[in-house]
Amino acid sequence: MPFPGGLWWLLCCRRGFTLLRRDYGEAEREADGEAEEEEEASFELRTQGDQGSLEVSLSQPTRSSSGSERSLLVAEEMRSLIMEKGPGPVEDDPDALVKGWLQREMRGCMKTPWIRPRKYWFVLTPDSLDYYSSNEKGARRLGSLVLTSLCSVLWPDKQLYKETGYWSVTVFGRKHCYRLYTEHLNEAVHWVCAVQKVIDSKAPVQTPTQLLMRDVEEHSSSPEVLEQIYRCNPILRYTSGPLYAPLLPFPYGSLDQSAPGPRSYTTLRDEAVKLFNSLQQLESERDPVPLMQGVLQTCLDLPPLVDEIYCQLVKQTTEPPAPGGQGDLHYWQLLTCMSCTFLPSPPVLRFLHFHLDKTESCFPASEMAKYACFIREALGKTKGRECVPSLEEILMLMQRQEMICTVHCPGAPACSVAISSHTTAEEVAQELVSRLGLSQSPNLFALYEQSRRREQPVGSATLLADVLTRFENLAGEQREQDPPCRLCFKHYGFLDTDNVPRDSLEFALLFEQAHEMVLRGYVPTSEETLQTLAALRLQSLNSDFSTHAPFPRLEELFPPHVLHARLPPPPHRPPAKCRGARLRAGLLAGGLWGQALAKQRAERDQRLRGRLREEGASTMAAIVEKWKLLQGMGRPEAMAAYVALVREWPGFGSTLFDVDLHVSPMGTGPQRLWLGIGAKAVSLYKPGEPEPLDSFCYGRISSFGASDSSTFRLSVEDRDLLFETSQVDEIAQLLNTYLASAGAQRLPRPQESPTSPPTSESTVLPQGLCHAAGPWQHRPRVGSSHS
């Protein structure tokens with residue numbers, strides 16, 4: 001039975017209908033509800049110009065039964081920021097800054113291509129972004145987004161345009177997000193710039209917590225007024241309930257997920273609320289260390305949350321239900337970790353100091369007062385961290401104790417040094433120089449980070465607590481057979497290797513470092529000499545030959561690359577010249593022929609391994625025969641003979657870097673060389689050759705620096721040498737060190753383009769170095785190096 005016409009009309013009015021590719025009915029109802037929700041929403045923010053009074057009572061924000069945030073009891077905040085517009089013509093609005101047709105996403109329609117986005121007439125005013133059903137006179141306003149200083153707008157996304165054919169304009173408000181689309185890039189850019197200009201023109205807003213912090217600071221000398229402020233404003237005190245809004249203002253909108261890091265985050269406002277929930281879990285946690293480290297890591301990833309967490313911790317440690325209880329002490333312990341990791345902004349820092357003073361005066365000689373005193377001292381030393389505290393450091397901070405750091409010294413027992421969260425590599429190196437009796441040495445020393453993949457000096461301003469955290473993180477990624485990461489105290493630069501006493505600890509360090517150079521292949525000499533050096537090494541380790549003496553592995557005595565050089569090179573197969581030949585080769589490799597090739601490769605590798613074992617056995621036999629000839633030589637004599645043989649190479653004492661020299665455009669391409677940085681000159685060596693190709697004394701060098709992150713530039717008289725290397729910072733750092741140690745004047749800076757990075761000549765001495773002959777002077781940072 002067909003429906004009467006009146007029923008069809010009523011059904012269309014209630015459910016909406018489509019006419020001429022335009023949707024009516026349901027869209028208007030949805031937009032109308034959105035506008036009403038925006039107008040009725042409570043605003044917990046105020047402009048900076050509004051002044052609060054002591055009689056204002058700010059309660060803890062709670063959620064009503066309908067799920068919306070309850071309005072805070074502030075008269076100015078009860079006013080709606082949206083002024084209702086009359087039914088006048090949209091085209092004649094005098095406040096309109098920009099207006100035009102845009103398409104707005106409805107319920108994710110841009111992700112469903114068969115549903116077309118809806119088109120509306122948008123008007124940007126100095127206060128809001130409104131949209132209407134049309135641009136005709138009397139058109140109904142369907143929605144409005146109030147623009148404040150916390151709003152944000154995203155630029156058009158090129159990837160989205162490739163997928164959908166639309167340029168996007170995304171505007172984030174407090175309650176809503178407008179995702180607008182247009183087919184023209186210039187139109188999208190025009191809207192983005194206009195909206196951003198309106199946002200920038202708005203006065204900063206402040207939350208009630210910020211206003212109360214200012215009131216507390218202004219009346220800090222009046223106990224009666226302070227008591228009234230805390231009594232009338234529960235938002236400043238401990239709460240057992242959840243927090244539905246952050247204590248500080250944060251911009252609306254999602255975070256940039258392209259930032260590096262394994263964790264993904266939502267908006268700052270949501271993360272602030274999540275962190276408060278995590279803080280409340282601390283009260284009942286038996287092992288709060290992992291949770292504390294997670295909170296610290298979030299603050300490191302999202303620096304704007306640092307002040308928020310400080311405010312939340314101050315709130316939860318103010319008038320708790322059980323002062324000094326387990327839950328309260330967990331808050332204080334996390335506040336201690338925060339104070340050793342992050343420095344809050346000046347307003348929050350002043351509020352925190354007031355809280356610490358108040359705690360010490362109210363609870364003298366208590367655990368809370370001891371934590372407050374520790375936090376105050378830590379805030380005076382904290383300057384920022386590269387990593388969050390390790391699990392061991394957090395445990396030590398919870399007990400207000402120092403950590404024990406182990407530093408390995410080649411040729412000497414390992415040293416244990418007590419460090420805090422603020423101890424730098426400069427302080428530890430200085431202590432080791434004094435403890436090991438190296439104060440009179442003219443040479444340079446440094447702490448090194450050693451791992452399986454690299455070895456690099458630690459910057460003098462680097463916090464050792466950050467280095468230990470990196471070691472803890474790398475320990476979870478390493479394989480069981482990999483050696484653990486460790487700190488090592490070694491020579492950094494040699495200014496005088498001839499006058500080092502043989503019976504001193506420094507000579508043992510010199511011997512160990514010379515042996516490292518031999519194993520890395522940085523001492524070009526004959527194979528016969530290398531075998532003699534290996535025999536001297538065995539004599540220094542085990543004294544006279546004995547069948548029961550422990551034998552180190554061959555790669556710990558003899559350079560492995562020499563054995564590999566004896567093996568025949570792999571067969572060279574010319575690449576396929578045409579596409580068809582490459583296709584046939586690929587098809588053959590994937591079938592039975594590919595299995596035969598894999599079997600041949602496995603057999604060849606097995607033969608090479610067998611050949612390598614044979615070469616290793618013959619080399620070890622030759623080393624043992626030379627060892628037997630050293631009968632009766634003592635350990636000091638063996639070490640002295642070893643160093644004397646290595647010193648025969650003219651480049652001994654220089655630090656070698658693997659570089660690729662850029663040649664002229666008419667040349668054959670980059671040339672692999674060794675760049676030797678010594679105390680008197682810079683030399684270029686062909687790898688494995690004992691004599692340098694060229695050598696430049698420092699008087700011939702006019703300038704040097706980093707052309708970019710992987711190119712080092714050395715200007716010698718009338719020519720420029722460009723080296724490709726991953727150790728740009730280390731090279732510049734070492735050059736500056738030798739110049740400063742020799743008392744030379746600082747070199748002139750090379751000409752730089754406006755976009756080029758700063759060169760390294762601006763420093764006097766590099767990071768992580770300790771000149772034993774004189775006091776350690778403060779040196780600005782050059783930058784981290786990479787091996």
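## Aromatic pairs

Searching the whole structure turns up 15 aromatic pairs. One of them is Tyr 161 with Trp 167, a stacked pair whose ring centres are 4.2 Å apart, with 10° between the planes. Keep in mind that this is a predicted model.

Tyr 161 has a relative accessible area of 33%, so it counts as partly exposed, while Trp 167, at 11%, is buried.

## An edge-to-face contact across the sequence

Now for Phe 551 and Trp 627. Their planes sit at 75° and their ring centres are 5.6 Å apart, so this pair is edge-to-face. Phe 551 comes from the loop between helix H18 (527–542) and helix H19 (560–566), and Trp 627 belongs to helix H21 (residues 592–628), so the contact ties together parts 76 residues apart in sequence.

How accessible is Phe 551? Its relative accessibility is 40%, so Phe 551 is partly exposed. Trp 627, on the other hand, is buried because its relative accessibility is 0%.

## Charges over rings

Over the ring of Tyr 371 sits the charged end of Arg 400, 4.5 Å from the ring centre. And which residue lies over the face of Tyr 448? That's Lys 490, at 4.8 Å from the centre of the ring.

Definitions and conventions: Residues are numbered from 1 along each chain as its sequence is written. This is a predicted model: local features need pLDDT of at least 70, side-chain atom pairs count only at pLDDT 80 or more; totals for chains, interfaces and linings use all residues. Side-chain values use heavy atoms; hydrogens and water are left out. Rings of Phe, Tyr and Trp (its six-membered ring) pair if their centres lie within 6.5 Å; planes under 30 degrees apart count as stacked, over 60 as edge-to-face and the rest as tilted. Buried means under 20% relative accessible area, exposed over 50%, partly exposed in between (1.4 Å probe, protein chains only). Helices (H or I, at least four residues) and strands (E, at least two) are DSSP runs, numbered from the N terminus. A charge sits over a ring if NZ of Lys or CZ of Arg is within 6 Å of the ring centre and within 35 degrees of the ring normal.
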